[in-house]
Amino acid sequence: MVQIVISSKAGEGPAEWLLVELQGEVVSRQNTGLAGNLMGDLHYTKEGVPVLIVGHHILYGKQVKLEKPFETMETNQENPTSYTVSALIKKKLIFKTRPKPIITNVPKKV
Amino acid sequence: MDEYDEMYGIEDDFEQQFADELEVMAEMDLMQCLISLWFLTAPKPKKRRQDVVKKLQFGVENCDDITPPSSPEVYDRPQVTTARHAQKRPPAIGDYITVTDSMGNRVYLNKKEDKEKRHRQVLEESQRLTELMNSGISPELLAEEQKDSGVDGDSGEDEGLSSRLWVDQFSPQHYTDLLSDDFTNRCLLKWLKLWDTVVFGRERKPRSTPADVRSNFTNAQNQNQSQRFKTKSQMTEEILEAELDQYKRPKFKVALLSGPPGLGKTTLAHIIAKHAGYNVVEINASDDRSAELFQKRIDTATQMKSVLGANEKPNCLIIDEIDGAPAAAINILLATLNRKDSREGEESGGNALKKRKKKQSVLLRPIICICNDLYVPALRPLRQQAFLLTFPQTLPSRLAQRLAEITRRHGMKADTGTLMALCEKTDNDIRACINTLQFLHSRGQKHLDQRSVNSISVGLKDQNKGLFSVWQEIFQLPRLKRKRIGGDSFGGFDEAGPKDGTQRLQHILHLVSSNGEHEKLTQGLYDNFLSMKLKDPGMLGVCAGLDWMCFSDLLNECVLHGQNYSLMRYFPFLPAAFHHLYAANSVPRINYPHSNYEAFTKTQHTKNALLAMLNDIPPAVQSRISISCLCLDILSLLLDLISPKLRPVNPQLYSTREKQQLYDLIDTMINYNLTYRQDRTPEGQYTYVLDNVEDVVHFPGLPPRRQLTYQVKQLIARETELERMRRVERAQQKRNSQKTETVKKDQEGKKTEVKKQTNRNHQQRLENIVKQTVVESRPELDFFGRAIVPKEKPAVTTTNGKGGGVVHIGKAVGNSDVWFRFNEGVSNAVRRNVYIRELL
């Protein structure tokens with residue numbers, strides 16, 4: 001039977017990451033590619049609702065616990081069947097509402 | 001005799017031979033101890049034996065017996081005295097009666113003078129008991145015996161010397177002397193008995209077939225009354241048999257007796273309370289019944305008991321004339337009734353302890369209240385919590401019987417007919433009758449006949465009769481009294497004579513002025529006078545009545561405007577006139593007056609509707625109409641104007657003329673503030689209703705106005721709404737455009753950072769936007785009301801005014817080239833400014 005060993009780093013436990021899930025696609029307008037670019041801002045309101053601002057959209061979401069947590073692993077060079085856990089993902093932020101445009105031309109009085 | 005000889009072996013014939021003589025001698029002899037030795041009684045062998053013993057110890061005892069005995073045991077006088085009276089020979093002195101036993105031996109008993117009183121008492125007691133048993137009351141109900149004197153009569157007393165009121169003299173001392181209705185008496189007694197468990201610690205005896213007692217009683221009543229009494233008795237039975245509460249008190253803790261004066265309510269309460277073993281504490285109208293004193297008196301009466309003196313009975317509180325007590329006092333009484341145990345209250349909160357200064361203990365003694373008028377407003381809360389007992393009128397026959405006893409006792413002569421007439425005259429008021437008799441007696445009139453009774457005007461009370469009885473008297477001719485049995489021939493005519501013409505007038509005047517509610521009375525007359533049986537072909541009577549009404553109105557106005565209250569003495573003449581005009585022989589059916597109140601509410605309603613309509617009419621039109629002009633001249637015709645013939649099709653399909661017609665119609669409706677409102681009828685259908693204004697001009701008897709169909713009304717309503725909105729918007733836009741001109745003039749003069757209106761320059765506009773977004777402090781709410789998190793401060797825009805506005809906007813906010821493209825899934829509402837003009 002094949003045995004795959006998964007171990008964590010000695011010392012402290014693995015890091016915990018947060019997954020951000022969007023219903024849509026992130027595009028680069030200037031075609032510069034996505035890598036390395038600033039995507040947007042993630043804020044939290046006082047009530048704990050996560051707010052994501054991408055471009056001129058603002059999205060509201062919520063924090064959800066994953067029923068099946070993920071983990072990221074790295075394979076060891078010497079031993080291909082042993083993996084080291086680099087991060088665990090237990091929670092995700094899901095933004096499934098329609099994004100709202102941020103309108104800049106709102107007159108103060110009708 | 002045999003045992004005598006056997007025991008002692010003595011043969012002695014002396015006693016046998018001379019037994020009778022010895023007895024007579026024994027009676028006459030003074031040395032009673034010697035007598036005892038010689039006494040022989042035939043039916044008592046035991047005594048004989050003892051006597052024999054004495055006889056044997058003759059010598060010893062004789063010496064002892066001569067000296068007065070030191071201890072009472074030796075002195076067997078009671079035996080001797082009783083023995084003395086049963087003798088074999090008729091006694092020589094004094095009265096005697098004979099007693100024969102079953103063996104045939106006859107003995108003679110002495111009758112002593114000083115025993116006569118006891119004998120009379122025993123006789124009366126036995127009489128009373130037989131009466132009780134005959135009237136069906138079980139002796140178990142009567143707990144403690146009172147002194148058993150019947151009607152306390154001073155038979156031998158000289159009348160001139162006695163200064164006691166006959167009412168007091170002949171007041172009932174005992175339960176059986178009461179003249180009031182038996183059912184009421186018994187109910188009150190039963191209610192009072194319910195308190196036995198808590199006051200005396202006595203267990204309630206189980207009811208033994210009250211149904212039989214009830215049925216016996218109802219059979220004795222009138223047929224009409226028995227129906228009523230059956231249900232009433234059932235009700236009271238339920239009340240009386242209800243379960244006791246947690247403190248073993250009955251459900252109704254206070255009893256309320258009500259009825260006209262002089263029926264014997266106070267007497268009844270006193271007698272019943274005494275009978276059930278209570279000590280009576282009375283609070284009546286003569287006492288100060290202010291709040292604090294009243295509270296104190298209630299507390300002393302119900303919580304304290306007299307420890308000195310012979311009265312160790314618990315207190316029963318009787319509150320007399322409670323309809324005159326101030327409302328505060330009645331509230332205190334109610335608070336006393338509803339007191340809960342203070343212990344529970346203290347546990348509930350610490351505040352209760354501080355607030356409660358006195359200990360509030362639960363009411364543990366019965367309270368009986370007496371009133372004349374049950375429907376006084378102050379008594380309303382008490383009525384719901386009290387055991388109500390209404391006193392029916394005393395039966396004239398019983399009252400006459402009692403009066404006959406009284407007159408007989410005082411040596412006056414009066415026959416039953418006279419007494420019945422007296423009863424009727426005073427309306428079966430016991431007190432008034434007795435007072436009248438006493439008055440006549442003291443004036444020296446020993447012989448009463450009907451004429452004197454009828455002509456007497458003293459001894460009658462002022463009575464305040466209720467409204468319904470007054471109305472009855474006004475609308476009904478007084479019945480001629482029946483001829484009495486044994487009445488003289490004058491009696492019949494005399495009774496008819498006074499009751500017409502002036503006498504009736506006086507009677508009605510007196511009646512009406514004693515009842516002070518003139519307004520209500522007049523309204524009742526107005527409502528009911530047309531339903532009386534009139535013989536009035538020319539309607540002159542009705543006109544006369546209405547004239548009197550006008551007169552009364554004018555009088556009222558004068559009185560109120562000028563405070564000229566001396567004119568109020570003319571008020572009673574209206575009912576007197578009505579009596580002369582409309583009284584009939586049959587019993588009238590009187591309805592309580594509603595018409596005044598209904599007319600008043602209708603007027604208010606109409607006025608409000610008109611005012612509401614008038615308020616929203618545009619000023620151009622409002623300046624030309626006032627409310628009276630609107631109501632009288634315009635409104636009914638207006639409602640006809642706004643019902644033209646229109647085709648119920650889409651208004652787009654109208655011809656020009658029809659469009660013009662519709663436009664005019666809507667113009668009118670808006671100008672006069674009329675709209676059709678959709679309303680749901682009770683059947684569930686929808687109708688369009690012209691607000692409330694239709695009621696104003698709706699007159700009964702006229703043919704109904706031609707109504708438009710539902711579709712047309714719907715169309716008109718819709719068009720009216722649209723037109724209204726258009727007009728409002730036009731007015732606003734006019735207002736707005738005027739404002740923009742003035743604001744621009746200001747701008748050129750000063751430098752202001754925050755500008756209300758957008759500038760012409762595109763670049764400056766963008767800069768403004770940026771500045772505005774920076775300085776905003778208040779979080780804006782989005783469509784759902786959530787606060788938008790303050791956005792990151794956007795980077796300073798470039799001065800590059802060229803390029804699309806979109807690029808500028810993109811750069812102004814979120815200066816990134818990473819964009820998010822949403823995939824359509826569920827979509828919520830997208831906010832966009834929508835103007836009315838796009839929809840219209």
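At 39% relative accessibility, A:Leu42 counts as partly exposed, a class that lies between buried (under 20% relative accessible area) and exposed (over 50%), with a 1.4 Å probe and protein chains only. The model is predicted: local features need pLDDT of at least 70 and side-chain atom pairs count only at pLDDT 80 or more, whereas totals for chains, interfaces and linings use all residues. Residues are numbered from 1 along each chain as its sequence is written, chains are lettered from A and ligands numbered from 1 in the order in which they are written, and side-chain values use heavy atoms, with hydrogens and water left out.

A:Leu42 belongs to strand β4 (residues 40–44) of chain A; strands (E, at least two residues) and helices (H or I, at least four) are DSSP runs numbered from the N terminus. Beyond its neighbours within four places in sequence, A:Leu42 is in contact with A:Pro50, A:Val51, A:Leu52, A:Leu93 and A:Phe95, contact meaning heavy atoms within 4.5 Å. A:Ile53 is eleven residues from A:Leu42 in sequence, and their C-alpha atoms are 6.4 Å apart.

Chain A exposes about 7,700 Å², of which carbon and sulfur atoms supply 55%; accessible areas come from the Shrake-Rupley method with a 1.4 Å probe, and for residues only the protein chains shown count as cover. Among contacts in chain A between residues at least 6 apart in sequence, 61% join residues at least 24 apart.

Within chain A, strand β7 (residues 62–75) and strand β8 (residues 82–95) pair in the antiparallel sense over ten bridges; two strands pair if DSSP finds at least two bridges between them. These strands, β7(A) and β8(A), form a hairpin with six residues between them, and A:Met73 stands opposite A:Val85 in β8(A).

Attention now turns to chain B. Three of its strands form an open antiparallel sheet in the order β1-β3-β2. Strands β1 (86–87) and β2 (95–100) of chain B each have a single partner strand, so one side of each is left without a neighbour in the sheet. Two bridges join β1(B) to β3 (residues 106–111) of chain B, and B:Gln87 has B:Tyr108 as its bridge partner in β3(B).

A further open sheet of chain B contains five strands in the order β5-β6-β7-β4-β8, with parallel pairing. Its edge strands are β5 (279–283) and β8 (386–390) of chain B, each pairing on one side only. Neighbouring strands of this sheet are turned by 20° against each other on average, direction ignored. Helix α10 (residues 182–193) of chain B packs on the sheet, touching β4 (254–258), β7 and β8 of chain B, and its direction makes about 165° with that of β8(B). Such axes are lines fitted to C-alpha atoms, for helices over the stretch in contact, and angles run from 0 to 180 degrees between N-to-C directions.

Helix α29 (residues 573–582) of chain B is mostly covered, with seven of its ten residues buried. Among them are B:Leu574, B:Phe578 and B:Tyr582. The buried residues of α29(B) pack against α24 (467–475), α26 (502–514), α27 (518–528) and α28 (540–562) of chain B.
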